[in-house]
Number of protein chains: 2
Amino acid sequence: MKRICVVEDEELVREELSSMLEKSGYIVSTVDSFDDVTSDILKSSPDLVLLDINLPNMSGFQICRELKNKSSVPVVILTSRDDLRDELNALELGADEFMTKPYRKERLLLRISNVLKRYEGRSNLIEGPGFLLDKLTYTLYIDGTSVILPKNQGKIIEVLLRKRGEEVSRQEISEEVWGTSEFIDENALQVNLTRLKKTMASLNMNCTVVAVRGKGYKIVELEE
Amino acid sequence: MKRICVVEDEELVREELSSMLEKSGYIVSTVDSFDDVTSDILKSSPDLVLLDINLPNMSGFQICRELKNKSSVPVVILTSRDDLRDELNALELGADEFMTKPYRKERLLLRISNVLKRYEGRSNLIEGPGFLLDKLTYTLYIDGTSVILPKNQGKIIEVLLRKRGEEVSRQEISEEVWGTSEFIDENALQVNLTRLKKTMASLNMNCTVVAVRGKGYKIVELEE
DNA sequence: AATTGAACTTACATCCGATGTAAGGAAACC
DNA sequence: GGTTTCCTTACATCGGATGTAAGTTCAATT
């Protein structure tokens with residue numbers, strides 16, 4: 001059962017969409033206040049967001065951008081204007097589909113199920129500079145190929161990615177890799193870091209891990 | 001530089017599409033005979049296929065199906081009829097986009113670049129019933145999670161998937177797993193097959209591997 | 001239902017990649 | 001220059017994946 005969040009201010013349309021989606025077997029949530037929409041949306045942890053462009057307070061584009069920054073949820077955009085610039089805009093912001101009203105029921109449903117299918121298995125991916133990482137398997141996707149990282153290297157790069165760009169203390173890394181209770185073996189950590197750097201280099205990644213003296217480590221992009 | 005193969009029988013339209021795509025920085029190939037279209041298309045190893053539905057000899061749908069069976073190239077379908085059934089049909093066959101003529105130039109280009117973007121890093125995935133398999137890492141994507149298969153199990157499931165549904169001889173499987181020159185150890189193969197079945201079951205996959213007495217093995221979907 | 005070959009199961013041995021350990025070397029900071 | 005911090009290398013160990021062996025179940029044929 002997939003969850004869909006409908007973001008639409010006109011109650012009539014919202015009701016219609018909801019009932020249609022529910023009939024098709026989706027679990028539907030909606031947002032009623034439009035103050036802090038993105039958080040509201042993400043609270044229901046939807047598998048997909050159906051987003052109207054013309055909303056009070058904030059433009060749909062803005063919401064789309066925020067959603068894509070904070071999460072990797074797929075977004076389908078609805079609009080009443082058939083404007084190419086809107087579409088261009090939307091897709092550049094990372095929207096996954098773009099439909100103009102009046103929509104045909106079946107077509108909308110089709111597009112939705114299509115987007116969902118496309119996203120299958122992608123919910124565990126986190127994004128790094130120029131690559132994707134699967135948090136479950138530590139599979140690294142980079143320029144059309146994929147490689148599996150050894151568990152420890154995967155854990156390290158994951159914790160570094162979570163604080164993208166900011167430094168992470170050895171302590172934090174150790175906790176991620178071996179669990180908090182254990183004694184922290186500085187050396188083992190060191191060796192694993194070296195190994196990670198080596199694999200990153202051998203993959204020609206455009207980023208690497210650098211030490212911040214006395215503080216910890218961080219990921220930095222490197223320009224050639 | 002991405003390569004696009006344009007499949008369209010009307011010369012005028014074909015020319016127009018080609019020049020448009022070339023202006024946008026794509027390398028365009030076309031097919032002139034319509035006898036063995038799919039092989040012709042794949043010979044140019046395109047990054048995307050732009051496919052007209054109404055063609056001599058074979059329907060565009062048929063071509064789409066064959067393309068998707070033999071490869072994982074993305075397909076964008078063009079049609080002059082604005083028929084929802086066509087669209088449904090096309091998307092079920094695995095088409096990635098569907099556009100009705102007359103198309104707006106910019107919109108078509110947008111969709112194409114979008115599909116290409118979507119495929120980045122996905123070229124190693126092959127589709128099975130209810131799951132995806134990364135051919136490089138043997139990572140299995142299934143209901144929103146991912147698991148890494150042991151190499152041998154991965155190789156076996158890969159060769160079975162290539163002939164989706166059809167039986168594959170032990171010989172073929174052995175060649176895939178150990179290479180053709182080696183002596184084929186029936187027993188080792190047997191054990192690995194058992195292991196694969198076990199992992200598939202433990203993942204609650206809706207398909208399994210069955211023996212075809214005297215012939216080999218095949219993947220079948222199982223209804224509960 | 002007895003036979004027979006095909007298909008399967010289980011337990012154990014081996015191997016190889018991933019990880020940990022140890023000791024010494026380079027770099028940055030004062 | 002001395003000290004601290006960070007890094008490198010080689011080797012030992014461990015565990016999951018694979019191979020091996022022996023025996024059991026299944027199903028087609030008579």
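Let's start with Cys5(B). Its sulfur lies 13 Å from the closest cysteine sulfur, in Cys64(B), so the two are too far apart for a bond. A disulfide here means a pair of cysteine sulfur atoms within 2.5 Å. Cys5(B) is buried, at 1% relative accessible area. Buried is under 20% relative accessible area, exposed is over 50%, and partly exposed is in between, with a 1.4 Å probe and protein chains only.

A word on the source. This is a predicted model, where local features need pLDDT of at least 70 and side-chain atom pairs count only at pLDDT 80 or more, while totals for chains, interfaces and linings use all residues. Residues are numbered from 1 along each chain as its sequence is written, chains are lettered from A in the order in which they are written, and side-chain values use heavy atoms, without hydrogens and water.

Over all chains, there are zero disulfides. Cys64(A) is in none, and the nearest cysteine sulfur, in Cys5(A), is 13 Å away. Cys64(A) is buried too, at 0% relative accessibility.

Now the interface. How many residues of chain B are in contact with chain A? The count is 31, against 31 residues of chain A. Contact means heavy atoms within 4.5 Å.

Next, charge. The rule finds four salt bridges across the interface of chain B and chain A. The rule asks for a side-chain nitrogen of Lys or Arg within 4 Å of a carboxyl oxygen of Asp or Glu. Arg111(B) and Glu87(A) form a salt bridge, N to O at 2.4 Å.
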